[in-house]
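I opened my notebook for a new chain.

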Amino acid sequence: MSSTKIRLGILGGGKKSLIGVLHRIAAAMFDQYQIIGGIFNHNWEDSIDSANKIGLPKDRIYTDLETFIQEELKLPTSERIEAVSILTPNFLHYPMAKKLLENGFHIICEKPLTTTYQEAQELYRLSQEKKTVFAVTYTYTGYPMIRQMREMIKEGVLGNIQKVDAQYYQGWINPIIHNTEMRKSTWRLDPEKSGVSCCIGDIGTHAFDIIEYVSGVKIQSILADLNHVYDDNTMDVDGTVLLRCSDNVKGIICASQIATGEENSIEVKIYGDKAGLKWEQENPNYLYLMEEGKPLQVLKPGHSYNSDLSLEGTKLPPGHPEGIFDAMGNIYKGVSKAIRNESYRSGEFPTIIDGVRGMSFIEKAMKSHKNGNVWVAIDEKYTV
Ligand SMILES: NC(=O)c1ccc[n+]([C@@H]2O[C@H](COP(=O)([O-])OP(=O)(O)OC[C@H]3O[C@@H](n4cnc5c(N)ncnc54)[C@H](O)[C@@H]3O)[C@@H](O)[C@H]2O)c1
């Protein structure tokens, strides 16, 4: 009997990659996917080596994407790879996603969606035409307490929102930015591979997405002040972005890769006229509810007081910490429902619209900074 799992292909994410293991474990987590093949590395030998390491036969490890598509299309639909995860450096997302979309594959793509806003819009147009599922892995939206934050805000627990604030601080680029040789060999600092931005594109875009995901407000215009540290470095490694949002809400995004000593400190804080909610990724199982004149409340996953969306993303009873792998697993679970045409809740996985809005944010942040830190509007064409 053939497997009923979704047949998954993977591009990138091979040995030495950062994100590959997260996707492989996430895909396995709810028993919905089976990894069939793909191209794990740029180099063929490395790709075969990666396949060996995860115990995958070599017959569906391809040399290039054209061969991948040609060979898969020769197979009966019951055997063919159905969905493909794109986990390569940014500049390959667009050409890979475009070819896959044109040939009817579902796509799970890493962020940022593309290297330009124009490419992102083209992928959106194609995905609408092809009616395939297209997810963009803003991983943090998969955390149970982030989902809980979204649902509590939707229910009105905070009252009218009056301030949104997200920080994403890392320190990893600090030793690299001060070393001319290392600076040249890091793809995230190469505009050909990374796109127009480093810090805002890599992590500022997570902050943008998480604010919109939890608060429901739409960021409408932004003013960015970026830091490149060296005059000969074309890529931002730090930035502060002021936000004007729907419903007259104002806010701020602070993103940095030179926040020395910081690891992966993404935090989101939403304040209403009744209460505030605060979440920190490095302690993801705590959601802080702050109310005027009352003691601080700490909400945790798995309890019956959580929303259905949050509980959907919790596998174990309270007190069993779940983390980043589980967050990505929850996103893969949501995508599997969409691929199978099953019903799912809004917020179960980030879609191409989130990816397109993210690209608008990145491009507009660069424009704002270059034009002397001026206000620039985010394109409102793409909203759910
Ligand atoms: N969602 C998140 O929180 C998150 C976190 C980290 C990275 N990312 C994103 O994931 C993507 C990859 O980042 P990374 O840090 O894993 O990069 P990486 O440099 O660590 O790994 C990239 C992988 O892609 C492979 N590759 C390169 N060219 C290829 C090609 N032509 N065909 C097939 N494979 C190829 C490399 O061999 C390597 O295995 C980026 O878009 C990044 O923004 C997202």
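These are my entries, in the order I looked things up.

**Entry: the model.** I noted first that this is a predicted model.

**Entry: domains.** I looked up how the chain is divided. I found domain 1 (6-139) and domain 2 (143-314 + 351-377). Their centres, taken over C-alpha atoms, are separated by 26 Å. I then checked the contact between them. Domain 1 gives 20 residues to it, and domain 2 gives 20 residues. On the domain 1 side, α5 (117-130) and β5 (134-136) each give two or more residues.

Entry: I traced an open sheet of 9 strands with mixed pairing. I read its order as β13-β12-β11-β10-β6-β9-β8-β7-β14. Why is one side of β13 and of β14 left without a neighbour in the sheet? Both stand at the edges and have a single partner strand each, so one side stays without a neighbour. Next I followed β7 (residues 219-227) and β8 (residues 238-245). They pair in the antiparallel sense over 8 bridges. I picked out Asp 225, whose bridge partner in β8 is Thr 240.

**Entry: helices on the sheet.** I found helix α6 (residues 144-155) lying across β10, β11, β12 and β13. Helix α6 runs at about 165° to β11. Helix α13 (residues 352-370) also packs on the sheet and touches β7, β8 and β14. I noted about 55° between the directions of α13 and β7.

**Entry: the ligand.** Which residues come nearest to the ligand? Of the 21 around it, I listed Gly 12, Ser 17, Leu 18, Asn 41 and Glu 110 as nearest. The shell has 7 nonpolar, 10 polar and 4 charged residues.

Terms used. Residues numbered from 1 in each chain as written. Predicted model: local features only at pLDDT ≥ 70, side-chain atom pairs only at ≥ 80, totals over all residues. Near = placed C-beta within 6 Å. Nonpolar A, V, L, I, M, F, W, Y, C, P; charged D, E, K, R; others polar. Domains from an automatic or database assignment. Contact = placed C-beta atoms within 7 Å. Helix = DSSP H or I, 4+ residues; strand = E, 2+ residues; numbered from the N terminus. Pairing = 2+ DSSP bridges. Axes fitted to C-alpha atoms, helices over the stretch in contact; angles between N-to-C directions.
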